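Here is a short tour to follow in your viewer, one selection at a time.

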Amino acid sequence: MRYWSLVFPLALLAGCAHFEPQPISPETSAASYEARSLTNEPLRAFLETNHVVAEWPCPRWDLNALTFVAFYYQPSLAEARAQLASVRAVEITAGERPNPSVSLTPTYDTSSSPPWIPGVSWDIPLETAGKRSKRIAQAIFSSEAAKWNFVSTEWQVRSHVRAALLNLRVARENQSLLERAGMAQSNVVRLLEGQLSAGAISGYEVTQARVAAETAQLSRQDAIGQFNQGRVQLAGVLGLPSRALEGIEFDFGALEKLPPDLTAPEIRRDAALHRADIRAALADYAASQSALQLEIAKQYPDVHLNPGYELDQTDNKWTLGLTVDLPLLNQNQGGIAEAKAKRAAAAAHFLTVQANAISEIDIALAGYDAALQKAAIAKNLLGDLQKQLDSVRSQARVGDVDALALANAEAAYCTGAQNQLDALAKAQQALGALEDAVQSPLTFSMDIAHSAQDHQK
């Protein structure tokens, strides 16, 4: 029986958590980062689970697939996920009940033998006025706000992937157009040099043509550099080393869509109600409401039961105690005032977030509409330049115009093609800004995005 006194303390210790060190090695983490790729099996399992790729290895990586690669690898999402987990852990703390305590109260009586009188007392706290439920509600709303902040981080990752892929596409097409423009300008220079040799023109005209040709060559070199930088930028937003994109084929199909019907009132209304930062601000306000309820409940004191026992010689003495704080000097008015002020601040913050969101949406809608119109004008202009080039080619075949006129028409068409590419790029950037404003991928399925979000949770 003497061993039974050890059983209770040992049982308590057995349920305690123990510290497990998890050291971080910069060398190991850097090596792990360098080993990331688009072909490893864990990534394949993640993409197949979310129904992203139909075959493996993936032959062409589009915006949707690359977005999920970023969801898998991007360190900022791992950090946001850890922060979300830490906030959710507060729900456990909020739901915990206060532990009772025990005190040993031995008494020494000099007038009796044996002089020691063993005693023990307990303190059993009882929360009143539903404080625990209100504390749990506050933690749940705070967790809800953290969840929507995590969704905002996910959206930012997707936005960065789209922007980097768009930059890569524009740089690649610009490089091709500048190469064609350089060839056209070189033909103009060659033909003008022939006319200069024949004494038909001055050297000034040849010099102008050479400057145009050399400028096209410089622009092409810039485009090559931009394309290489674009690959490195895309790798960074995916959370991959740049070498992981070597030999990878990209599908830019999602960046060729310019939906004309995105100015519908439903898009603006839904975004003003359901944007992630708006939902987060609304959850923060609900948490402030619960915090105020908790502070009001603290006006009502908790109760502490204090039973005790003494073995006085051969007499068993039991005591019953009750402790209650007397709200005489304060009734938690300070805590209530602070909670009310924080609730008012949360309400003002919600209105600010929603107003800013509506303004961003309106600006993005106006910008997208203007970009669509400019893209349409550039398309019409390029169509006219194509007709002009076809006409000059037909005339050149029958000898009505010379080769120089054909070369100039080629150069003019290349300039128009570059203008159209610039207009399309700006339209796509405006579409990206509109998607950022409404926080909705307007060009691919929301169901897929939601499945990724559920998997990460």
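A salt bridge here is a side-chain nitrogen of Lys or Arg within 4 Å of a carboxyl oxygen of Asp or Glu. Before you select one, two notes on the ground rules. This is a predicted model, in which local features need pLDDT of at least 70 and side-chain atom pairs count only at pLDDT 80 or more, while totals for chains, interfaces and linings use all residues. Residues are numbered from 1 along each chain as its sequence is written, and side-chain values use heavy atoms, with hydrogens and water left out.

**Stop 1: charged pairs**

Select Asp302 and Lys131, whose side chains meet in a salt bridge at 2.8 Å, N to O. This pair joins distant parts of the chain: Asp302 sits in the loop between α9 and β5 (303–305), and Lys131 in helix α6, 171 residues apart. Helices (H or I, at least four residues) and strands (E, at least two) are DSSP runs, numbered from the N terminus. For accessibility, buried means under 20% relative accessible area, exposed over 50%, and partly exposed in between (1.4 Å probe, protein chains only). Lys131 is buried at 6%, whereas Asp302 counts as partly exposed because its relative accessibility is 25%.

Next, select Glu435 and Arg158, a salt bridge whose closest N and O atoms are 2.6 Å apart. Here helix α11 (residues 403–438) supplies Glu435 and helix α6 supplies Arg158, 277 residues apart. Are these two buried or exposed? Glu435 is buried at 0% relative accessibility, and Arg158 is buried at 2%.

The structure holds 17 salt bridges.

**Stop 2: the nonpolar core**

A nonpolar core is a set of buried Ala, Val, Leu, Ile, Met, Phe, Trp, Tyr and Cys residues joined through side-chain atoms within 4.5 Å. The largest one has 42 residues, and Leu47, Trp61, Leu234, Leu238 and Phe250 have the most contacts inside it. Which element gives the most to this core? Helix α6 does, with 9 residues.

Now centre on Leu47 and show its contacts (heavy atoms within 4.5 Å). Beyond its neighbours within four places in sequence, Leu47 touches residues including Trp56, Trp61 and Phe68.

**Stop 3: the nonpolar patch**

Strand β4 gives the largest share, 3 residues. Leu322, in strand β8, is exposed at 58% relative accessibility.

**Last stop: confidence**

Colour by pLDDT, the predictor's confidence in each residue, from 0 to 100. The chain mean is 87, with the lowest confidence in helix α12 (residues 446–456), at a mean of 41.
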